[in-house]
Amino acid sequence: RLAEYAMSRRVPYLFPHTALITADALRYVFTSYPRYDSETAIMLRHLTRSLGLRRLGLVYADNAYGQYFRDRLQALSDSLGYGVAGAQPLADRKPRDVTDLLEPLRQKGADAVILALYPEQAQRVMGLADGGSFSSKVIYIYRKQLEEADLIVIGKCELLPPAQVAE
């Protein structure tokens, strides 16, 4: 409603607190969140056309953010030519075991599993919560990005312990 008001009165509306607003045609609405429509399309296009992946799975936070990615995964499957191996919701913010979420995706032949999760959830899914680590290649690329970046924005970092944020 505020976006409509801003447009009708030609008043700038700065940073509405939602990532799910599509404001491309709203001249006076300036969001602070990424445009997930285009970003998910770019990501899925890259996974399928550039990397040649044919079956994608998803583990997502069971909220509006995660459900958005679930719906986009399904919506773009025909146009981008991939199959959906499954989409598993993860409601627990601090899960102990995620085997039951990943196994069905493996059984259905997922070439890759996309994570639309909070940091603690993602750490558990990636095996980092138990002291695991990324491969040396991933760490190298990450460090190169840090060297070359003018600005790095990490969403939801307030949910991580201060020692992990400092890393």
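Predicted model: local features only at pLDDT ≥ 70, side-chain atom pairs only at ≥ 80, totals over all residues.

Q: What about the length of helix 3, how far apart are its end C-alpha atoms?

A: They are 16 Å apart.

Q: Nice. How many aromatic pairs does the structure hold?

A: There are two. One is Tyr65 with Phe69, edge-to-face, with 5.1 Å centre to centre and 65° between the planes.

Q: Where do Tyr65 and Phe69 sit relative to each other in helix 3?

A: They are four residues apart, so about one helical turn separates them. As a general point, an α-helix has 3.6 residues a turn, so residues three or four places apart point the same way.

Q: Are they buried or exposed?

A: Tyr65 has a relative accessible area of 32%, so it counts as partly exposed. Phe69 has 13%, under the 20% cut-off, and so Phe69 is buried.

Q: And which residues make the other aromatic pair?

A: Tyr68 and Phe69 do, again edge-to-face, with 5.8 Å centre to centre and 90° between the planes. Both Tyr68 and Phe69 are buried. Taken together, Tyr65, Tyr68 and Phe69 form one aromatic cluster.

Q: Changing topic: how many cavities of 30 Å³ or more does the structure hold?

A: One. The largest cavity has about 40 Å³ of space in it.

Q: Which residues line the largest cavity?

A: The lining is made of Thr40, Met43, Leu44, Leu58, Phe69, Arg72, Leu73 and Ile114. Phe69 turns up here as well as in the aromatic cluster.

Q: What is the make-up of that lining, in terms of nonpolar, polar and charged residues?

A: Six are nonpolar, one is polar and one is charged.

Q: And which helices each supply at least two residues of it?

A: Helix 2, residues 36-50, and helix 3, residues 64-75.

Q: Thr40 is on the list of lining residues. Which helix is Thr40 in?

A: Thr40 is in helix 2. Its relative accessibility is 2%, so Thr40 counts as buried.

Q: What separation is there between the C-alpha atoms of Thr40 and Arg72?

A: They are separated by 7.2 Å, while along the chain Thr40 and Arg72 are 32 residues apart.

Q: Let's move to helix 5. Which residues are buried there?

A: In helix 5, which runs over residues 99-107, Leu101, Leu102 and Leu105 are buried. Looking down the axis, the buried residues fall within an arc of 85°, so they line one face of helix 5.

Q: What is on the other side of helix 5?

A: Asp100, Arg106 and Gln107 are there, and they are exposed.

Q: Last one, zooming out: how many helices and strands are in the protein?

A: Eight helices and five strands. Starting at the N terminus, the order is α-β-β-α-β-α-α-β-α-β-α-α-α.

Q: And what share of the residues of the protein count as buried?

A: It is 31% of the 167 residues.

Definitions and conventions:
Residues numbered from 1 in each chain as written. Heavy atoms only, no water. 1 Å grid on protein atoms, 1.4 Å probe; cavity = no way out; pocket = protein on both sides within 12 Å on 5 of 7 lines; lining within 4 Å. Points joined across faces, edges and corners; volume = space filled by probe spheres on them. Nonpolar A, V, L, I, M, F, W, Y, C, P; charged D, E, K, R; others polar. Phe/Tyr/Trp six-rings, centres within 6.5 Å; stacked < 30°, edge-to-face > 60°. Buried < 20%, exposed > 50% of the residue type's maximum accessible area, 1.4 Å probe, protein only. Expected span 1.5 Å × (residues − 1). Arc of directions from axis to C-beta.
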